[in-house]
Amino acid sequence: MTKLSKFTVAVAAVLGLSGAALAQDTMTLRFGAFIPATNNGVKHGDTIFIQELAKLTNGRVKVEHYPAQQAGKAREALALVRSGAVDIYGLGTAYFSADAPLWGLLEAPNMIEKVCDGTRAMREIDQPGGILWEAMYKPLGIRVLARQVYPPYGPSASHRKITKVEDMVGLKMRNAGGLMARTVAALGAVPVALTGPEVLQSLQRGTLDSWMGAYSSVRDFEYWKIAKNGATGFSMGTPGIFAAISESKFQAMPKDIQDALLEAGRRAEENFCQFMEKDEESAIKALQTESYGMHIHTWAPDQVAELAQKSSSVLNDWVKDLDARGVPASDALKAYLAAIKKVR
C-alpha cells in the first residue's frame, strides 16, 4: 500500500467513511450479455440502461459492457451474477427454467400480444414482496434491474405454406424450450432444441424445417432466405432477457445508486419494448415485399379460436406440474393475469 493510500484509509477511518462511500464516485460495474452488440437487445436495451445510469448518477457509475458471452456463457450467467464474478448479466429466461421456473409465464400461448404489456406485467409481479420476488428472486439472491420481453412468437417454415392450423402438423420446429416446447407439441409439430447459431445451417440442410420466433429475428438473422412461409396473429409465447444483479451487491450500494439502477432499468425496458413493438410490425410488412419474398398468413378469427383450443391444456398442465413440485404457479398465474389487466 502506498503512503497516499494509507493516508486516504486513515482519513476515512477518522471521518467514519466506508470503502463503499469512498468508491461511489468512481464505481464501475461489469455488465455481461450473451447476445451480440448488433442485437436490438444491446442497441435499444443495454445501451440505454448504461446511458441513463450515467445521467442519473452524474457519471458516478460507469458500466463496462461485455456482449457476445465475453463475460461468460449464457447458461453460466446466473451463477456468475450470484458469485459476483460479473456485476450484472442479461439472463435468458428460457435457459433457467429449472432455477426460475415462473419466468415460463412469458412462454404461455394466447397470453401477450404486445411487448410492453408483457414487460410491464412482469415488472408488476417481480418487485420485492411480489410473487416472483418471494418465490424465485429472494431464494436465488438476485435483483432484476431491467426486463427485455420479445415480440410474440410465430412459426416460419421452409417447404410448406402455413395457412391452416393443420399445416403445422409434423413440422420439425425449433423453439425456445420450456413451456413453448409443449405448445409446439400440442399443435402437432415436433419440438427441436437448437441454439440460435445452429438454426440457419439446420434450415439449409433440411434437418430443421421450421422455426418458432419473432419476425424481426427472421429478418435480422436471414432465416427468410430459407423459411419463406409464416403465420401471425396468435401469440405462441415469447422468452425474455432479464438483467440481474446479486441482491447482496445491490444492498451494499448507497440508496441513491440503488434508485438510479432501478430507474435506468425502467427507462431501458420501456425504450426496448416500444421499439420492438414497432420493429416487429415493420418486419412483418417488409418480409412480405419482393425484396424478401416471404408469405406470412394472418390467422383468421376462427383459426385463432382453434389455436387457442388446441393449446389450452398447455398452461394448465404446466401450472399443475409446478404446483405439485411446491412452486406457486397457480398464485403466480393469477397475479400475472391481474397485472396484464392492470397495465393494458
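This is a predicted model: local features need pLDDT of at least 70, side-chain atom pairs count only at pLDDT 80 or more; totals for chains, interfaces and linings use all residues.
**Entry 1: a helix over the open sheet**

I began with helix H7 (residues 179-186), which lies across strand S6 (172-174), S7 and strand S8 (210-213) and runs at about 150° to S7. Contact here is heavy atoms within 4.5 Å; axes are lines fitted to C-alpha atoms, for helices over the stretch in contact, with angles from 0 to 180 degrees between N-to-C directions. Helices (H or I, at least four residues) and strands (E, at least two) are DSSP runs numbered from the N terminus.

Numbering starts from 1 along each chain as its sequence is written, and side-chain values use heavy atoms, leaving out hydrogens and water.

Next I traced the open sheet: six strands in the order S7-S6-S8-S5-S9-S11, with mixed pairing. Strand S7 (190-192) and strand S11 (295-298) stand at the edges with a single partner strand each, so one side of each has no neighbour in the sheet. From one strand to the next, the twist averages 25°. Two strands count as paired if DSSP finds at least two bridges between them. Strand S9 (residues 229-232) pairs with S11 in the parallel sense over four bridges, and Asn229 stands opposite His295 in S11.

**Entry 2: strand S4**

How covered is strand S4 (residues 142-149)? Eight of its eight residues are buried, meaning under 20% relative accessible area with a 1.4 Å probe, protein chains only. S4 runs antiparallel to strand S10 (residues 240-246), joined by seven bridges; Arg147 has Phe242 as its bridge partner there.

**Entry 3: cavities**

I then searched the whole structure and found two cavities of 30 Å³ or more. A cavity is a set of points on a 1 Å grid over the protein atoms alone where a 1.4 Å probe fits but cannot get out, and lining residues have an atom within 4 Å of a point. Volume is the space filled by probe spheres set on the points, which are joined across faces, edges and corners.

The largest cavity holds about 70 Å³. Of its 14 lining residues, Phe31, Asp46, Gln148, Ile241 and Ala243 lie nearest its centre. Strand S1 (27-32), helix H3 (40-56), S4 and S10 each give two or more residues to that lining.

The second largest cavity has a volume of about 30 Å³. Which element gives the most to its lining? S4 does, with three residues. The lining residues include Arg143, Val144 and Arg147.

Key
Buried means under 20% relative accessible area, exposed over 50%, partly exposed in between (1.4 Å probe, protein chains only). On a 1 Å grid over the protein atoms alone, a cavity is a set of points where a 1.4 Å probe fits but cannot get out, and a pocket is an open set with protein on both sides within 12 Å along at least five of seven lines; lining residues have an atom within 4 Å of a point.
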